[in-house]
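Hi everyone, thanks for coming. Let me put the structure up on the screen, and then we can walk through a few of its charged pairs together.

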Amino acid sequence: KLLRVSDARTRLASLREQLIDINTTSDSREKLEFASLSAATMSGVCQEVSALLDAWGFASNPTIFYEENIADIHINNRSRVSHGKGVRAVTCAAFVIGIMQHGLRNELGHPGFVVVDTPLNPYKAADASDGGAVSQTVKAAFYRHLCTTTPGQVIVFENEPAPADVQSKCNYVHFSGSTSGRQGFIPTQRA
């Protein structure tokens, strides 16, 4: 036992010396500078979001701009958050995917994947509160577009299945919630 205590004290003394060296040595590594998010720096993202919403049939060539004060986008001069729950979900997915696409296309250090949770489940086409300008085909167009043209990987958790033609064109996994098929995203332990 004395040998172990002695070894532990020696190791502790060595670690204390290393900590002192770390704290007194100047950091010679280059500090990263990040651009602030402004309407100008986010203009490329806004173009990506506009193209996505257009491709999904949400709106024809919508005008998108970024508002710094709220760190969110406006769609056709209306705040994204002023819409109903379904429209907010679809446009949030477009914003997140647009950030990824812009980052990948311009080599800005994006990891290359996003996860979106129920972007379509609450969506109801042509809500009266949203002016009725939303196409009935947004859900199908969303999946079809992501399967064919989106750089990077988009993981979509949704309660309703994707259209049958889309399921065969992408890595579609149905979580059954039961013992048949894949039960859920995180595998359960088997005895």
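Let's begin with Asp72 and Arg80, which form a salt bridge whose closest N and O atoms are 3.0 Å apart. Both partners, Asp72 and Arg80, are buried. Please keep in mind that this is a predicted model.

How many salt bridges does a search of the whole structure find? There are three, so let's visit the others.

Asp165 and Arg144 bring their side chains together in a salt bridge, at 2.8 Å from N to O. This pair links distant parts of the chain, with Asp165 in helix 5 and Arg144 in helix 4, 21 residues apart. Asp165 is partly exposed, at 31% relative accessible area, and Arg144 is partly exposed too, at 37%.

Next comes Glu48, which makes a salt bridge with Arg105; here the closest N and O atoms are 2.8 Å apart. Because Glu48 sits in helix 2 and Arg105 in helix 3, this pair ties together parts 57 residues apart in sequence. Is Glu48 buried or exposed? Its relative accessibility is 12%, so Glu48 counts as buried. Arg105, at 48%, counts as partly exposed.

Now a closer look at helix 2 itself. Its buried residues include Val45, Cys46, Val49 and Leu52, along with Glu48. And what do the buried residues of helix 2 pack against? Their partners are strand 1, strand 2, helix 3 and helix 4.

Helix 2 runs over residues 43-55, and at 1.5 Å a residue its 13 residues should span 18 Å; the end C-alpha atoms are 18 Å apart, so the two agree. After helix 2 comes Gly57, with a positive phi near 80°.

Key: Residues numbered from 1 in each chain as written. Predicted model: local features only at pLDDT ≥ 70, side-chain atom pairs only at ≥ 80, totals over all residues. Heavy atoms only, no water. Helix = DSSP H or I, 4+ residues; strand = E, 2+ residues; numbered from the N terminus. Expected span 1.5 Å × (residues − 1). Buried < 20%, exposed > 50% of the residue type's maximum accessible area, 1.4 Å probe, protein only. Contact = heavy atoms within 4.5 Å. Salt bridge = Lys/Arg side-chain N within 4 Å of Asp/Glu carboxyl O.
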